[in-house]
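Subject: Handing over the structure

Dear colleague,

Here is the structure that I am passing on to you, with the sequence alongside. Please look through both before you read the notes that follow.

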Amino acid sequence: MKIAVARETREGESRVAMVPELVSKLTDLGYEVLVEPGAGARAEYADDLYAEAGAVVTDEALAEADVVIGVNALTSDRVRSLRDGATTLSFLPVNTSHDLVTDLRDYGITAFAMELVPRISRAQSMDALSSQSLVSGYRCAIVAAGLLRRFFPLNMTAAGTVQPAQVVVLGAGVAGLQAIATAKRLGAVVQAYDVRAAAAEEIRSMGAKAIDLELETLEGAGGYAREMTEERAERQKEALAPYIANADALITTAAVPGRTAPLLVTAAMVEQMKPGSVVVDLAAETGGNVEGSVPGQIVRIGHAQVWGGDNVPSQMPGPASKLYAQNLVSLLTLMTSEGEFAPDFEDEVVAGAAVTHGGRILHEPTREAIEGPAEAEEPVETPPPVEPVETSPGFETVAGAPSSTTGESSAPSSTTEAASAARDEQLDLPFDQEDDK
Ligand code: NAD
């Protein structure tokens with residue numbers, strides 16, 4: 001069977017779904033690996049490196065493949081060039097890709113979305129949201145240190161003492177914790193805030209100070225944050241204002257699954273920052289945590305430079321691609337049996353990540369958004385009343401009732417139900433609280 005590595009067509013995308021050093025993992029599974037020419041060029045992986053690793057570099061990669069792997073979803077035009085029944089594995093933002101999902105369904109493509117892989121312990125090695133957030137968080141801290149025209153660490157020299165930079169991080173999920181760890185390693189004094197109660201301990205474990213705003217915490221289902229009310233958001237802004245005014249660098253990474261990013265910092269709050277201060281808004285492309293930030297640009301607000309993130313993992317394409325490729329290898333290993341690509345749709349991870357298969361949309365919230373509510377089940381006809389037949393005193397048998405051994409059960413299979421429930425949870429909650437260890 002053939003796996004093709006797609007050349008990314010999204011503007012500004014530098015990552016690639018497979019790196020040469022992991023090609024052997026796929027050939028060991030029994031696959032032939034095809035690579036579109038130039039697929040890895042922007043991540044510094046030349047075609048020759050793939051060929052040396054045992055892959056075939058060919059323009060026909062997509063047309064010949066049983067499975068196509070990519071970072072971003074293929075465009076509808078490229079989907080049309082796939083073989084019947086081919087499979088794609090990539091990020092696929094289902095909420096904003098209804099036309100594409102419709103095409104994938106209509107062309108009979110099996111599509112898996114990396115952001116829907118359940119975030120359970122067993123699937124940690126397949127968690128591309130985490131691997132790419134790790135890259136983003138690191139990059140944010142480096143950008144802040146690069147833009148700030150002063151030291152991050154304390155320096156005690158014969159010429160005098162230089163005080164360390166004060167860094168504030170808002171949002172302490174995977175990216176935020178990595179930003180904290182990186183800023184700490186560079187010697188800054190770091191304080192951080194997150195609405196989840198569990199985050200305070202995680203912030204402290206990174207050596208930073210957890211800011212306590214004395215506001216109620218906002219735990220959503222599945223270990224994620226909940227959206228704030230307007231009133232809570234106002235109180236949070238007011239309480240955060242002095243911390244932000246005092247910061248040399250502010251890094252924001254807050255997100256709520258399935259929602260635009262929460263606005264945590266107004267332009268007026270940024271205007272209170274000191275001359276030369278910097279703001280790095282990782283959430284700029286999903287709505288922005290900072291009012292006025294622009295994805296892919298540095299804008300000036302008051303005395304501060306405000307950097308807006310735009311496909312941040314792609315700014316470190318080598319490591320981001322390698323981590324992502326490893327996520328794919330793990331997922332493909334789960335989906336391979338005896339050298340054949342054979343995803344088991346009864347498996348929670350496979351079912352959770354599946355978007356389309358066999359001409360149907362399997363991801364229920366997306367199916368409902370595109371196709372409308374599921375049709376109500378046929379009403380069960382009520383059998384005509386029948387006279388009980390006396391058998392022996394105290395027992396009744398009803399004529400016409402299905403025998404327990406021969407009658408067809410109308411109950412849905414528990415595995416199908418579990419898979420469907422797992423998919424439902426993917427709408428907002430791609431991970432399992434039980435497993436958040
Ligand atoms: P995310 O990208 O959805 O959000 C980033 C952070 O923003 C979160 O910590 C969230 O609490 C925070 N946030 C939201 N609204 C905020 C606000 N108004 N003010 C301040 N902060 C706000 O989250 P993520 O980084 O993908 O993951 C979040 C949680 O999931 C973390 O606890 C993480 O450890 C956990 N997780 C678990 C697993 C697992 O396998 N069990 C895998 C990945 C992540």
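Let me begin with Glu-44, which sits in the loop between β2 (32-35) and α2 (47-52); helices (H or I, at least four residues) and strands (E, at least two) are DSSP runs, numbered from the N terminus. This is a predicted model, in which local features need pLDDT of at least 70 and side-chain atom pairs count only at pLDDT 80 or more, while totals for chains, interfaces and linings use all residues. Residues are numbered from 1 along each chain as its sequence is written, and side-chain values use heavy atoms, with hydrogens and water left out.

Backbone angles and exposure

Most residues other than glycine have a negative phi. Glu-44, which is not a glycine, has a positive phi near 70°, and at 66% relative accessibility Glu-44 counts as exposed (exposed is over 50% relative accessible area, buried under 20% and partly exposed in between, with a 1.4 Å probe and protein chains only). Asn-311 likewise has a positive phi, of about 45°, although it is not a glycine; Asn-311 belongs to the loop between β15 and α11, and at 8% relative accessibility it counts as buried.

The chain as a whole

The protein chain has 14 helices and 21 strands, and buried residues make up 49% of its 437 residues. Of the contacts (heavy atoms within 4.5 Å) between residues at least 6 apart in sequence, 65% join residues at least 24 apart. The accessible surface of the protein chain comes to about 21,200 Å², with 51% of it belonging to carbon and sulfur atoms; such areas come from the Shrake-Rupley method with a 1.4 Å probe, and for residues only the protein chains shown count as cover.

The ligand and Asp-194

The ligand is surrounded by 26 residues, of which Arg-119, Val-174, Asp-194, Arg-196 and Ala-255 are the closest (a residue is near a molecule if one of its heavy atoms lies within 4 Å of it). By class, this shell has 13 nonpolar, seven polar and six charged residues, where Ala, Val, Leu, Ile, Met, Phe, Trp, Tyr, Cys and Pro count as nonpolar, Asp, Glu, Lys and Arg as charged, and the others, Gly among them, as polar.

Asp-194 lies in the loop between β10 (189-193) and α8 (197-205) and, at 15% relative accessibility, counts as buried. The side chain of Asp-194 reaches the backbone nitrogen of Ala-172 at 2.5 Å, and a polar atom of this side chain lies 2.9 Å from the backbone nitrogen of Arg-196. Leaving aside residues up to four places away in sequence, Asp-194 touches Gly-171, Ala-172, Gly-173, Ala-199 and Ile-203.

Strands and sheets

In a regular strand the side chains alternate between the two faces of the sheet. From strand β13 (residues 278-281), Val-278 and Val-280 point one way and Val-279 and Asp-281 the other, and all are buried. Strand β12 (residues 249-252) runs parallel to β13 and is joined to it by four bridges, with Asp-281 of β13 as the bridge partner of Thr-252. β13 also pairs with strand β15 (residues 304-308), in the parallel sense and over four bridges, and there the bridge partner of Val-279 is Val-306. Two strands pair if DSSP finds at least two bridges between them.

Elsewhere, eight strands form an open sheet of mixed pairing, in the order β3-β2-β1-β4-β5-β6-β18-β19. β3 (56-57) and β19 (360-361) stand at the edges, each with a single partner strand, so one side of each has no neighbour in the sheet. Within this sheet, strand β6 (residues 110-113) and strand β18 (residues 354-357) run antiparallel and are joined by two bridges, and Phe-112 has Ala-354 of β18 as its bridge partner.

Finally, Ser-330 lies in helix α11 (residues 317-334) and counts as buried at 15% relative accessibility; not counting residues up to four places away in sequence, Ser-330 touches Ser-125 and Met-126.

How values were computed
A polar contact is a pair of N or O atoms within 3.5 Å; within protein, one must be able to donate a hydrogen and the other to accept it, and residues adjacent in sequence count only if both atoms are side-chain atoms.
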